[in-house]
Amino acid sequence: MKRACLFVLTLITPYAVHAQTIDQVSNIFALFAGVLLSLSVVCFSGGFSIYLARLGRPYRDEGLNLMQWGVAFLFVFIVCAIISRWWLLYPQALPWVLAVIIVGGFFLYVLPLFLGAHEK
């Protein structure tokens with residue numbers, strides 16, 4: 001039991017997880033944005049080819065759904081690319097922006113759920 005606790009303790013220390021700097025984390029974020037771009041291109045082109053291949057058939061909606069996912073991935077890519085670029089330009093403002101996002105999310109999403117639950 002002691003060995004298992006020691007093993008878990010070593011896994012959660014910064015040395016074991018290799019604590020990273022802001023630049024390294026932003027590079028990972030930029031890599032994620034690149035993966036989203038390629039995923040959006042693949043989904044949209046695959047959906048478009050499915051849509052064209054099934055022009056006179058009733059199962060054309062599968063291609064449209066895949067194209068919609070491709071467009072959604074593209075918008076998420078744009079947001080991730082903007083955040084990644086902004087993060088590199090203004091790293092000192094990151095804590096304030098995260099605080100505004102968390103508090104804004106609380107007031108826009110969580111608080112109305114609580115208020116609506118008490119009205120019933």
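Modeller: The protein chain has five helices and zero strands, where helices (H or I, at least four residues) and strands (E, at least two) are DSSP runs, numbered from the N terminus. Read along the sequence, the pattern is α-α-α-α-α. This is a predicted model, in which local features need pLDDT of at least 70 and side-chain atom pairs count only at pLDDT 80 or more, while totals for chains, interfaces and linings use all residues. Residues are numbered from 1 along each chain as its sequence is written, and side-chain values use heavy atoms, with hydrogens and water left out.

The part I would look at is the nonpolar patch on the surface, formed by Leu37, Val41, Phe44, Phe48, Leu52, Leu55, Val71, Leu74, Phe75, Ile78 and Ile82, which together have about 950 Å² of accessible area. Patches are made of residues with over 30% relative accessible area and no salt bridge, with like charges joined within 9 Å and nonpolar side chains (Val, Leu, Ile, Met, Phe, Trp, Tyr) within 5 Å. Accessible areas come from the Shrake-Rupley method with a 1.4 Å probe, and for residues only the protein chains shown count as cover. Helix H3 and helix H4 (61–89) each supply at least two residues of the patch.

Leucine 52 is partly exposed, with a relative accessible area of 45%, on a scale where buried means under 20%, exposed over 50% and partly exposed in between (1.4 Å probe, protein chains only). Valine 35 is also found in helix H3, which covers residues 22–53, and valine 35 is partly exposed because its relative accessible area is 45%. The C-alpha atoms of valine 35 and phenylalanine 73 are separated by 9.8 Å, although these residues are 38 apart along the chain.

Helix H4 has 29 residues and reaches 42 Å from its first C-alpha to its last, close to the 42 Å expected at 1.5 Å a residue; the expected span is 1.5 Å times one less than the number of residues. The buried residues in H4 are Gly63, Met67, Gly70, Phe77, Cys80, Ser84 and Trp87. As background, an α-helix has 3.6 residues a turn, so residues three or four places apart point the same way.

A search of the whole structure finds one salt bridge, in which the side chains of glutamate 62 and arginine 54 meet at 2.7 Å, N to O. Glutamate 62 is partly exposed, with a relative accessible area of 44%, and arginine 54 is partly exposed as well, at 28%.

Buried residues make up 12% of the 120 residues in the chain. Among contacts (heavy atoms within 4.5 Å) between residues at least 6 apart in sequence, 55% join residues at least 24 apart.

Key
Salt bridge = Lys/Arg side-chain N within 4 Å of Asp/Glu carboxyl O.
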